[in-house]
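Please look through the sequence and the structure shown below before reading on. The briefing that follows takes up its topics one at a time.

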Amino acid sequence: MVATALLAQEAPNTSETSEDSEEITLQKLETIQKEIAALRAEANRLNTQENSILAQLAQFEVEYKMKTHEIELLELRQTKTEGDIQNLQAEYQQMEKNLQKQKEYLTRRLVEAYKLGQLNYLKLLLRANQSADLLRSYQYIAYLAKDDSRKVQNFRASMVDLEQTRLRLEQEKR
């Protein structure tokens with residue numbers, strides 16, 4: 001009897017244990033499924049974060065290439081500007097030489113004109129024996145006067161050009 005009572009008592013325990021075991025298994029299953037869902041969410045978040053980081057990295061790479069090209073462009077501009085400065089300096093020096101030659105010529109010409117005075121032209125005209133010589137002398141004097149006037153104008157224009165070149169040179173050096 002005691003054995004039957006023990007069996008009767010054990011029988012409900014076995015069924016309770018199996019129900020408890022199933023319930024525990026279901027709870028474990030639900031817990032594992034929740035953990036899997038949480039891990040998937042974390043994996044998706046990390047994947048999004050990775051894509052975001054990769055996108056930022058790609059953006060930085062594009063910006064780096066852009067800045068590299070900008071630097072190359074600036075270096076080319078600098079090289080061109082330096083070449084322009086050298087050309088302007090050479091042009092300026094040549095203009096200075098030409099201006100100095102013009103100045104020397106005009107100085108000699110003015111000294112000669114001063115030494116000879118206006119009477120020189122009159123003497124030239126009075127020396128003419130014939131009317132053809134007189135006309136030729138007059139044309140020669142007119143030519144000299146025009147030539148002197150043209151050379152003075154060229155000298156003034158050269159001075160203006162020299163000043164403009166000097167200003168351009170200063171501007172390019174900045």
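**A partly exposed arginine and the chain around it**

The model described here is a predicted one, and its protein chain contains three helices and zero strands.

- The side chain of Arg166 meets that of Glu163 in a salt bridge, with a distance of 2.3 Å from N to O.
- Glu163 is partly exposed as well, since its relative accessible area is 35%.
- Both residues belong to helix H3, where they are three residues apart, which means that about one helical turn separates them.
- An α-helix has 3.6 residues a turn, so residues three or four places apart point the same way.

**Other salt bridges**

- The structure holds nine salt bridges, and one of them joins Asp84 to Lys80, with the closest N and O atoms 2.9 Å apart.
- Asp84 and Lys80 are four residues apart in helix H1, so that about one helical turn lies between them.
- Asp84 counts as partly exposed because its relative accessibility is 27%, whereas Lys80, at 54% relative accessibility, counts as exposed.
- Another salt bridge is formed by the side chains of Arg109 and Asp148, at 2.9 Å from N to O.
- Because Arg109 lies in helix H1 and Asp148 in helix H3, this pair ties together parts of the chain that are 39 residues apart in sequence.
- Both partners of this pair, Arg109 and Asp148, are buried, and together with Glu112 they are linked in a network of salt bridges.

- Asp148, which lies in helix H3, counts as buried because its relative accessibility is 18%.
- When residues up to four places away in sequence are not counted, Asp148 touches Tyr105 and Arg109.
- Thr165 is also found in helix H3, and with a relative accessibility of 3% it counts as buried.
- Leaving out residues up to four places away in sequence, Thr165 touches Leu88, Glu91, Tyr92 and Met95.
- The buried residues of helix H3 also include Ser137, Ile141, Leu144, Asp147 and Ser158.

**The largest nonpolar core**

- Six residues make up the largest nonpolar core, namely Tyr92, Met95, Leu99, Leu106, Phe155 and Leu162.
- Helix H1, which covers residues 2-116, and helix H3, which covers residues 131-173, each supply at least two residues of this core, and the largest share, four residues, comes from H1.
- Phe155, which is one of the core residues, is in contact with Leu99, Gln102, Lys103 and Leu106 when its neighbours within four places in sequence are left aside.

**The chain as a whole**

- Read along its sequence, the protein chain follows the pattern α-α-α.
- Of the 174 residues of the protein chain, 10% count as buried.
- Among contacts between residues at least 6 apart in sequence, 77% join residues that are at least 24 apart.
- The accessible surface of the protein chain comes to about 15200 Å², and 57% of this area belongs to carbon and sulfur atoms.

**Confidence in the model**

- The average pLDDT of the protein chain is 81, and 86% of the residues score at least 70.
- Among the elements of the chain, helix H2, made of residues 119-126, has the lowest mean pLDDT, 65, while helix H3 has the highest, 85.
- Over residues 1-12 the pLDDT stays under 50, and for this stretch the model has zero contacts beyond four places in sequence.

Notes
Residues numbered from 1 in each chain as written. Predicted model: local features only at pLDDT ≥ 70, side-chain atom pairs only at ≥ 80, totals over all residues. Heavy atoms only, no water. Core = buried A, V, L, I, M, F, W, Y, C linked by side-chain atoms within 4.5 Å. Buried < 20%, exposed > 50% of the residue type's maximum accessible area, 1.4 Å probe, protein only. Contact = heavy atoms within 4.5 Å. Salt bridge = Lys/Arg side-chain N within 4 Å of Asp/Glu carboxyl O. Areas by Shrake-Rupley, 256 points an atom, 1.4 Å probe, with all protein chains shown as cover. pLDDT = per-residue confidence, 0-100.
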